[in-house]
Amino acid sequence: MTRLLGAVHRVALAAVRCGSRGLGMFYAVRRGRKAGVFRTWNECRAQVDRFPAARFKKFATEEEAWAFVRNSGSPGSTGQEDKLVQESQVRAGKRCREPLAAGAENGEPQAKHVKQAGEAAPPVGKDTFSYMGEYVVVYTDGCCSSNGRRRARAGIGVYWGPGHPLNVGIRLPGRQTNQRAEIHAACKAIEQARAQNISKLVLYTDSMFTINGITSWVQGWKENGWRTSAGKAVTNKEDFMELDRLVQGVDIQWMHVPGHSGFAGNEEADRLAREGAKQAEG
């Protein structure tokens, strides 16, 4: 009996150990303060936070995580996901404020490569973009100070990566609202992508309104004569019509990222949008 109980105990212990390996996620750090595989996000973050061009990724299995660390790609991968550069996280910034004088904002560096509307961007090398598999990654954001009031000033920001020539922060033309700024920031990113012959795009935005609008509501609005289910005219009809036109023929993965939660791309897009809001309306 003792021998049998011992065998059962060993089997149960092995099952627990095996099961524990299948729980949670594995965080692989290829480039950071210390390369390796970590079991918690806090351990991973300690290696990549504010580390220049840190490369890390989350996996469901330890084998895939170590394959990424060894630069051999995860099993069954195309190898393109290895190009994805996960930027180190930064402190959350503030939302769009009233335009300030030129110069540093609370010690924050000024946006670089801010292009005015209408400037033609030359072709950009494909290796300058960040990738998620075959998809190019871009972050967009819109902001509006005094939203809904007479002195409202709105800007849009599009962020492709550190110092990227396509990064843009411009003043939103027309009606100055936060929702219009969010929609037109996405429009600008897709317009740029089309000009660069990018057909697969992962677009990060903190606007669920924009995501729901283009992925769920637009089709119903069009079938209903651009009226809501309640029979009211769609408030942002022209804006969504433009976005709907631009998405045709482009494979877009719409990704929601919580605003001001430490995602560098979102923070940079927000900063560019605030820079754009300070410009004179064109």
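In the predicted model, Lys188 is buried, with a relative accessible area of 17%, a value that falls under the 20% limit applied to buried residues. This lysine is found in helix α4. Leaving aside neighbours within four places in sequence, the residues in contact with Lys188 are Ile156, Val158 and Val168.

In soluble globular proteins, nonpolar side chains tend to be buried together.

With neighbours within four places in sequence set aside, Trp160 is in contact with Phe129, Val136, Val137, Val138, Leu166, Asn167, Ala189, Gln192, Ala193, Ile198 and Leu201.

Strand β1 (residues 26-31) is largely enclosed by the rest of the structure, because 5 of its 6 residues are buried. This strand runs antiparallel to β3 (residues 55-59), to which 5 bridges join it, and also antiparallel to β2 (residues 36-38), through 3 bridges. Ala28 has a bridge partner in each of the two neighbouring strands: Lys57 in β3 and Val37 in β2. In a regular strand the side chains alternate between the two faces of the sheet.

Helix α3 (residues 62-69) contains the buried residues Ala65, Ala67, Phe68 and Val69. The cover over the buried residues of α3 includes β1, β2 and β3. A charged side chain is also placed against a ring in this part of the chain: Arg39 lies over the face of Phe26, at 4.2 Å from the ring centre.

Aromatic pairs come to 7 in number. One of them, formed by Trp217 and Trp221, is tilted, with 5.9 Å from centre to centre and 50° between the planes. The two tryptophans are 4 residues apart in helix α5 and are therefore separated by about one helical turn. Their accessibilities place them in separate classes: Trp217 counts as partly exposed at 34% relative accessibility, whereas Trp221 counts as buried at 11%. Both belong to one aromatic cluster, together with Phe209, Trp226 and Phe240.

Considered as a whole, the chain has 7 helices and 9 strands. Of its 282 residues, 44% are buried. Among contacts with a separation of 6 or more, 69% are between residues 24 or more positions apart. The chain exposes about 15200 Å², of which carbon and sulfur atoms supply 53%.

Key: Residues are numbered from 1 along each chain as its sequence is written. This is a predicted model: local features need pLDDT of at least 70, side-chain atom pairs count only at pLDDT 80 or more; totals for chains, interfaces and linings use all residues. Side-chain values use heavy atoms; hydrogens and water are left out. Contact means heavy atoms within 4.5 Å. Buried means under 20% relative accessible area, exposed over 50%, partly exposed in between (1.4 Å probe, protein chains only). Two strands pair if DSSP finds at least two bridges between them. Accessible areas come from the Shrake-Rupley method with a 1.4 Å probe; for residues, only the protein chains shown count as cover. Rings of Phe, Tyr and Trp (its six-membered ring) pair if their centres lie within 6.5 Å; planes under 30 degrees apart count as stacked, over 60 as edge-to-face and the rest as tilted. A charge sits over a ring if NZ of Lys or CZ of Arg is within 6 Å of the ring centre and within 35 degrees of the ring normal.
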